[in-house]
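Dear colleague,

Please find below the structure I said I would pass on. My notes follow it.

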Amino acid sequence: MDAISDAAETESQYQLEIKKLNREIRRLKKDNELLRILNDQVSRTQIYIQKGSNQRIFYIRQLLKSSPYILILTDSKLQTVMTSEVYFQYENGYDKEELKRGVPLRSALRTLLSEEQLDDFMEKCQRVLRGGEMEPYLVQAYHNNEKYDFQITIRQMLQNDEIIGLNIIFVEMTAIIDALERAKQADTAKSNFLANMSHEIRTPMNAIVGMSEFILRDCDNPKAKSYASMIRSSAKTLLSIINDILDFSKIESGKMEIAESYYRFSSMINDVVTLARVRLHEKPIKLIVDVDPSIPDRQFGDEVRIKQILINLLGNAVKFTHTGSITIKVEPDTRYYDGQYHLIFSISDTGIGIRSLEIKNIFSTFVQVDTKRNRTVQGTGLGLPISRELVHMMGGDLRVESEYGKGSTFTFDIRTRSDDPTPVGNMKFDQDNVPVADVFRATFTAPDASILIVDDNDLNLQVAMGLLSPYKCKMCSATSGADAMIKFSTGRYDLVFMDHMMPVMDGVETTGMLRKMPFGETTPVVVLTANAMKGAAEEYRALGFQDFLSKPIDPGELEEILLRHLPNNLIVREKAGEQETCNYPGGGNSGMNGADGVNASASGVSAEGGVSAVVNQTEVEGSDDLIDVKTGLRYSMGKPDFYRKMLEIFASGNHLKEINDLFLAQNWENYMIKVHALKGIAMTIGAVNLSEKAKKLEQAVRNGSIDYVTANHDDLCELYQRVVDLINSGELQF
């Protein structure tokens with residue numbers, strides 16, 4: 001029984017163990033399944049990670065392959081990690097595998113950058129590795145004898161905020177740099193063009209302004225003085241426009257400067273009205289001027305800019321008005337009380353008007369509205385945009401109201417100041433008579449002062465000496481740098497006026513030579529030039545001149561120059577009640593005749609100061625292609641005696657041989673100076689075709705078109721000689 005009992009107990013234990021084992025087997029199976037699932041998940045995750053990594057590597061490789069820039073990645077020891085494909089277009093010393101294994105950065109760029117550039121580049125890389133910042137910079141490199149401009153950018157590569165290397169980018173800027181250089185050259189060419197235009201335009205303007213001053217000062221004929229006043233007013237307005245055009249820096253920057261100073265409001269309105277009357281000549285249009293009499297006459301502002309705005313608006317009114325009237329109205333704006341004076345200007349016309357849909361475009365640049373109807377009207381479309389900008393700069397706004405077919409009104413307001421309440425009063429303008437502006441009068445004389453005037457243009461000499469004549473100073477003239485040195489060595493001068501552009505020795509070189517002569521260091525020299533570009537005064541002072549006087553010569557500026565540079569003991573102030581009225585050009589001093597100048601009879605102005613009758617008919621048969629007498633007389637103030645003197649000067653100063661010798665010697669610099677001088681004096685005597693040929697040759701030399709010069713030089717010489725022969729023959733009658 002005991003044995004049976006033991007066996008049963010043992011079996012029971014076995015059964016328990018079997019159950020335990022079965023439970024463990026089931027648990028292990030579950031754990032194994034879980035491990036399998038986890039293993040599958042890990043495998044899938046690894047596949048996903050590998051796929052993402054491959055994708056990122058693919059993108060990086062594509063970026064490096066397609067990038068137009070040289071990209072170089074380095075480690076913290078400045079060993080290469082990888083580069084873009086573009087790198088291999090410039091560098092053939094290493095292959096891709098070598099660069100991946102690591103090449104010193106300096107060695108990787110040894111054929112692209114010079115040793116000096118590499119030293120600077122590596123120093124910058126070390127600075128960035130140490131945590132510094134580096135702005136992109138430009139280098140000029142050479143590879144296979146070709147020039148490349150690169151902008152280099154050096155940036156840190158970070159991992160967990162730790163610098164692990166550098167990301168370096170070379171951006172080729174060759175095309176951009178070359179474009180900038182071409183733009184700079186174009187900028188220089190435009191500056192030279194404007195400087196040349198300044199000389200070409202302002203030189204004849206010198207005669208226009210100067211001669212009108214002489215007529216106003218010396219003539220007693222009211223009608224002639226009225227005409228001269230119109231000429232002077234129009235010339236001054238033209239000069240202000242020329243100055244604006246020639247101020248190249250303002251054109252390029254799109255900025256304009258407001259130069260405020262005290263001016264007479266009545267005088268400004270007078271100038272504007274005078275010009276408007278000139279433009280309205282032969283048009284059946286009434287000009288109405290309505291100026292509030294309470295406006296102070298003495299104002300502080302930019303007179304030139306205000307006139308420019310009014311002239312632009314009046315010009316449009318004249319162009320687009322065919323019948324009816326144009327009204328200029330000025331009144332104070334009483335709404336403002338801020339310590340400044342506000343004026344409201346309006347220009348109204350009865351012209352064609354503006355369509356309502358086109359008013360929004362009226363102030364756009366280079367836009368002229370209703371072009372189909374106005375196709376015969378000339379204009380650039382810049383006047384209104386410029387006017388609006390100027391008004392904004394003076395604290396106001398420019399507005400327009402218009403009714404198509406009935407007329408337009410342009411209104412603008414500006415801020416100004418006045419320290420004198422004296423009103424302008426009732427300004428009355430006769431419809432048929434233009435008011436004559438005040439004539440400039442000298443406020444002193446200097447009979448003991450000695451002045452030397454140097455200019456290679458006889459007409460410019462006459463104008464300068466005529467403007468100086470009221471001061472009764474002793475004057476001597478020289479027509480070249482060499483002549484000036486001779487005159488300076490034989491006399492003592494208190495002041496020298498020196499032309500800039502002269503052949504052989506220009507004004508700068510001549511002044512430098514005068515400085516080395518006795519008294520040369522202490523004698524003030526004032527440059528006379530048609531170059532009125534911005535900054536010209538400072539440039540000429542840097543060249544050794546004491547002062548600067550632009551052509552055409554303004555009498556007021558001339559007097560200021562004299563007061564600044566003549567010794568005080570030579571200035572004789574005008575006595576009360578007396579005025580200097582010396583006739584041009586003699587002025588009671590004999591220093592302007594003979595070899596030193598042109599006498600009064602040659603000036604075309606009578607001894608009494610009047611203007612002799614203009615010859616209206618010419619008898620120049622068969623010579624129209626050589627000399628246009630009407631043109632010559634126009635440049636000679638319609639004075640036959642003066643014109644005859646100019647012809648004699650031209651014929652006696654025949655420079656044909658000199659021009660031809662310069663051509664044969666291929667001395668193009670002096671050749672250009674000579675044909676430049678011929679161009680001006682030929683036009684003065686009416687040799688229009690000769691002047692045009694000289695102008696084209698001058699421009700050809702300036703542009704380096706020597707083939708054109710070679711092909712046309714003989715024609716110039718032949719025409720020059722024919723003109724001289726005609727003058728010497730005495731067949732030119734007028």
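Two strands are counted as paired if DSSP finds at least two bridges between them. That is the sense in which bridge partners are named here, and the model is a predicted one.

The case where this matters is β9 (residues 324-332) and β10 (residues 341-349), which run antiparallel and are joined by seven bridges. Within that pair, Glu-331 has Ile-344 of β10 as its bridge partner. Helix α10 (residues 303-320) packs on the sheet and touches β9, β10, β11 and β12 (407-416). The direction of α10 makes about 15 degrees with that of β10.

The sheet itself is open, has five strands in the order β7-β9-β10-β12-β11, and shows mixed pairing. Its edges are β7 (285-291) and β11 (398-403); each has a single partner strand, so one side of each is left without a neighbour in the sheet. On average, neighbouring strands of this sheet are turned by 10 degrees against each other, direction ignored.

Next, the hairpin of β3 and β4. Strand β3 (residues 137-143) and strand β4 (residues 146-159) pair in the antiparallel sense, over seven bridges. Ala-141 stands opposite Tyr-148 in β4. Two residues lie between the strands of this hairpin, and Asn-144 takes a positive phi near 55 degrees.

In a regular strand the side chains alternate between the two faces of the sheet.

Among the helices, I looked at α21 (residues 688-703). Its 16 residues reach 23 Å from the first C-alpha to the last, close to the 22 Å expected at 1.5 Å a residue. Buried in α21 are Leu-690, Ser-691, Ala-694, Leu-697, Glu-698, Ala-700 and Val-701; the list includes a glutamate, Glu-698. Just after α21, Gly-704 takes a positive phi of about 80 degrees.

Finally, the totals. The protein chain has 22 helices and 19 strands. Of its 734 residues, 44% count as buried. The chain exposes about 39300 Å², and carbon and sulfur atoms supply 52% of that area. Of the contacts between residues at least 6 apart in sequence, 67% join residues at least 24 apart.

Regards

Note on methods: Residues numbered from 1 in each chain as written. Predicted model: local features only at pLDDT ≥ 70, side-chain atom pairs only at ≥ 80, totals over all residues. Heavy atoms only, no water. Helix = DSSP H or I, 4+ residues; strand = E, 2+ residues; numbered from the N terminus. Expected span 1.5 Å × (residues − 1). Buried < 20%, exposed > 50% of the residue type's maximum accessible area, 1.4 Å probe, protein only. Axes fitted to C-alpha atoms, helices over the stretch in contact; angles between N-to-C directions. Contact = heavy atoms within 4.5 Å. Areas by Shrake-Rupley, 256 points an atom, 1.4 Å probe, with all protein chains shown as cover.
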